[in-house]
Amino acid sequence: MLIPIHGVLSADEVQLLRERLDSAAWQDGTATAGTVARHVKRNEQLDDADPVAVELGNAIVRRLGEHPLFISAALPAKIYPPKFNRYADGGTYGAHVDSAIMQVPGTQVSVRTDLSATLFLADPEAYDGGALEIEGPFGIQPVKLAAGDMVLYPSSSLHRVTPVTRGARVAAFFWIESMVRDEGERSLLFDLDQSIQALQHTLPPDDPQILKL
């Protein structure tokens, strides 16, 4: 299931992040790619240990911990520290699947990648190309959201980033280990929770139908 989450960051918050990121020390992204992925990856990333990446990544995780839609959709047990990438001058990432297990750098902590997340940090009008294309049971779904918006999707999905032919596409990306491993069960719980939240706007909280759900 592909779930867009709008307004994770405000326009002012995105601007502050971009001011820090635009002057950061970007590196060749192929250094962090796996054996297969490095042949189709052409972008820039911040080093995981870069103080800017650590600070901004922690801020994003704190914000997600307060976001009810993210919590409902992901049911997070662990969140891999956000990473940051930049695509420009034809930068692209060909079709690939994320690793099933990610080791958090400098720790003994491993994260089972149930869900992948991309938090867009550039407005769609600021660059051409750069769509995140995710393959699912209903074909390829292109995703290119407003700055501050995020998309969640299964980490087992084949996905790619189309070439950026103008401007720069900047984003944060990370993975989530959910408390509910099975995608079907997690989707069912998400639908139930969203129904409960919607009914609470029209019915009293002790209504029998809400309590039953």
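1. Which exposed residues does the face of α1 turned away from its buried side carry? That face carries D12 and L16, where exposed means over 50% relative accessible area, buried under 20%, and partly exposed in between (1.4 Å probe, protein chains only).

2. This is a predicted model, in which local features need pLDDT of at least 70 and side-chain atom pairs count only at pLDDT 80 or more, while totals for chains, interfaces and linings use all residues. Residues are numbered from 1 along each chain as its sequence is written, and side-chain values use heavy atoms, with hydrogens and water left out.

3. Helix α1 spans residues 11-22 and has twelve residues; helices (H or I, at least four residues) and strands (E, at least two) are DSSP runs, numbered from the N terminus. From first C-alpha to last, α1 reaches 16 Å, close to the 16 Å expected at 1.5 Å a residue, the expected span being 1.5 Å times one less than the number of residues.

4. V14, L17, R18 and L21 are the buried residues of α1. Seen down the axis of α1, they fall within an arc of 100 degrees, so they line one face of the helix; the arc is that of the directions from the helix axis to the C-beta atoms.

5. The cover over the buried residues of α1 includes α2 (51-64), β6 (83-88) and β16 (164-178), with contact meaning heavy atoms within 4.5 Å.
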